Amino acid sequence: MTDLADQILATLHRIAPDVDPAIVDRARPLAEQLDLDSIDYQSFLAALAAEHAVDIPERDVAGLRTIEDLVSYIAPRSGVARAASPPSPARRA
Amino acid sequence: MPSLGADMVSGTLLEWKVAPGDRVVRGTVVGLIETEKATMELESFVDGEIEALLVEPGTKVPVGTPLARVRAAGEPAAPPKVAEPARAAPEPVPIAPPAPAAAPLVPIAAAAAQAGTRVRSSPAARKRARELGIELVALHGSGPHGAIVLRDVVPTVTPVQQATPVQPAAAARRAAPPPSATGPARRPPPPSASPMRDAIAAAMTRSKREIPHYYLAHTISLKRALTWLGEVNEHRAIQDRVVPAVLLLRATALALWDVPELNGFWIDGAYRPSEEVHLGTAIALRTGGLIAPAILDADDKSLDQLGIELRDLVGRARAGRLRSSELTLATITVTSLGDRGCEAVWPVINPPQVAIVGFGATMERAWVDRGAVVPHPTVVATLAADHRVSDGHRGGLFLSAVDHLLQEPDKL
């Protein structure tokens, strides 16, 4: 069973197939780390919202920049998520 | 193999999505092809029935190589031989104009691929094609309604043409710089570490060589637009929110109504305006380079619809699922640097288009608003346009129109 962070990375990989989830640093902002544009990021967050049945109001978007941000945001709001993964650097496979 | 851009030399057929006997209509996705720039869906040019698939998946072939034979609706079945020269085979469909007798010949299927629509072409294009021994039916037309124009007739299809006697003067005029002293026989380009870079280099070199660009810039306050957008988005689910880039696209498309001479093509030494606004949107590829597929009829689409289509386009560009039509129909291009870019871009026109619009990153600047200096989110809009078609006065009116439209975002 994959944890929430891995699920999020899998979603990211689907939106941005040219991004290798294994190299993502979970503590760094994704957009600058991976050169995601505003369209990519909207698609990514929309996919996460749908998959985890969470609402992401516009005012919260600015705070959702890293994998860790997303894990701690989605975990308590989604029935499917397990406990948030602890903060960790990249390459936690 | 259609030419999906002025710079395309060859393509690889990756996969067929149809089989002989299948009915197709214009726009049906029949296969996947890979070019120097992208993987994309190949659409049928015509209505009809697939008679034969002529290229195996995985094969790289020059532009102009027949990929399949399509029997146009209502036409009798073609004879079984498929690779005969066009002039030797009974034609299943009207082909115009006839191949020059000396031409080496792109086989008939290329013609059949165009079946049902006569090949429209300009006199200059036909003359040049005769000089170069190129079959018009094998070319992709970039002119109005797909017409083949002089610009499309470029001696790039090497295997077919090497055997062809070509008039050196004609070839030299079209040869890429530096002009080759060895004459017209074009050889395959040397292997490159970056085919994408080669493709961009070819198109942009041609642009800078042929198009007398002029440039304009205008700084626009986005305070009203972004405030309005924030209010709209606040009540929407995330997938329905409109990103600022979409406002810029919408304003660009509408401003072209005021200055329509920026929307069209320069072909055969003349400007050909376009009735439709097909907005090419430059998308930076993280794998290197960029691609500019078009949002078709962008001026007829609401903000919401543009947002949906832009997301779809970006997603498919990333996944290598653009459609061939999207890469050939743009009438003008917009390039946006995005939030992490710098403040302005001076873009290079994508021929045969006659203008390109740039937007820098949105930045807070000191702005004089009703006599007070206050921070406003702003964007620098730029225009590069073709001086053969328009001049700075009209270009300036266009950027002013973009500005005015963005000051009344609720009307966009």
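# Briefing on a predicted two-chain model

In chain B, residues 24 or more positions apart account for 63% of the contacts with a separation of 6 or more. The model is predicted, and every value below is to be read with that in mind. Chain B has 9 helices and 19 strands, whereas the secondary structure of chain A comes to 5 helices and 0 strands. The two chains touch, with 19 residues of chain B in contact with 17 residues of chain A.

**Overall make-up of the chains**

- Of the 412 residues in chain B, 47% are buried, while in chain A, with its 93 residues, buried residues make up 32%.
- Read along the sequence, chain A follows the pattern α-α-α-α-α, and 62% of its contacts between residues at least 6 apart in sequence join residues at least 24 apart.

**The interface between chains A and B**

- On the side of chain B that touches chain A, where 19 residues of chain B meet 17 of chain A, the elements that give two or more residues are α6 (223–234) and α8 (303–319) of chain B.
- The largest share of that side, 6 residues, comes from α8(B), and by class the residues of the side divide into 6 nonpolar, 6 polar and 7 charged.

**Helix packing inside chain B**

- Helix α8(B) also packs within its own chain, where its axis and that of helix α7 (residues 244–258) of chain B come within 9 Å and cross at roughly 115°, and α7(B) passes α8(B) in a right-handed crossing.
- From α7(B), the residues B:Ala245, B:Val246, B:Leu247, B:Leu249 and B:Arg250 meet B:Leu303, B:Leu306, B:Gly307 and B:Leu310 in α8(B), and the residues of this contact divide into 7 nonpolar, 1 polar and 1 charged.

**An open sheet in chain B**

- In chain B, 5 strands form an open sheet with mixed pairing, in the order β6-β1-β3-β4-β15.
- Strands β6 (59–62) and β15 (322–323) of chain B stand at the edges of this sheet, and because each has a single partner strand, one side of each is left without a neighbour in the sheet.
- Within the sheet, strand β1 (residues 10–16) and strand β3 (residues 29–34) of chain B pair in the antiparallel sense over 4 bridges, and the bridge partner of B:Glu15 in β3(B) is B:Leu32.

**Strand β17 of chain B and its partners**

- Strand β17(B) is mostly covered, with 5 of its 5 residues buried; B:Ala355, B:Val357 and B:Phe359 point one way from the strand, and B:Ile356 and B:Gly358 point the other way.
- With β16(B), strand β17(B) pairs in the parallel sense over 4 bridges, and B:Ser336 stands opposite B:Phe359 in β17(B).
- With strand β19 (residues 372–386) of chain B, the pairing of β17(B) is antiparallel and runs over 5 bridges, and B:Val357 stands opposite B:Leu383 in β19(B).

**Backbone geometry to check**

- Most residues other than glycine have a negative phi, and most peptide bonds are trans.
- The peptide bond from B:Pro351 to B:Pro352 is cis, with omega near 5°, and B:Pro352 has its place in the loop between β16 (332–336) and β17 (355–359) of chain B.
- A:Asp35, although not a glycine, has a positive phi of about 60°; A:Asp35 is found in the loop between α2 (30–34) and α3 of chain A, and counts as partly exposed because it has 16 C-beta neighbours inside 10 Å.
- A:Ala53, also not a glycine, has a positive phi of about 55°; A:Ala53 lies in the loop between α3 and α4 (58–61) of chain A, and with 12 C-beta neighbours inside 10 Å it counts as exposed.

Terms used: Residues are numbered from 1 along each chain as its sequence is written. Chains are lettered from A and ligands numbered from 1 in the order in which they are written. This is a predicted model: local features need pLDDT of at least 70, side-chain atom pairs count only at pLDDT 80 or more; totals for chains, interfaces and linings use all residues. Two strands pair if DSSP finds at least two bridges between them. Two residues are in contact if their C-beta atoms, placed from the backbone, lie within 7 Å. Ala, Val, Leu, Ile, Met, Phe, Trp, Tyr, Cys and Pro count as nonpolar, Asp, Glu, Lys and Arg as charged, and the others, Gly among them, as polar. A residue is buried if 20 or more other C-beta atoms lie within 10 Å of its own, exposed if 12 or fewer, and partly exposed in between; C-beta atoms are placed from the backbone. Axes are lines fitted to C-alpha atoms, for helices over the stretch in contact, and angles run from 0 to 180 degrees between N-to-C directions. A crossing is left-handed if the near helix is turned anticlockwise from the far one by less than a right angle, and right-handed if clockwise.
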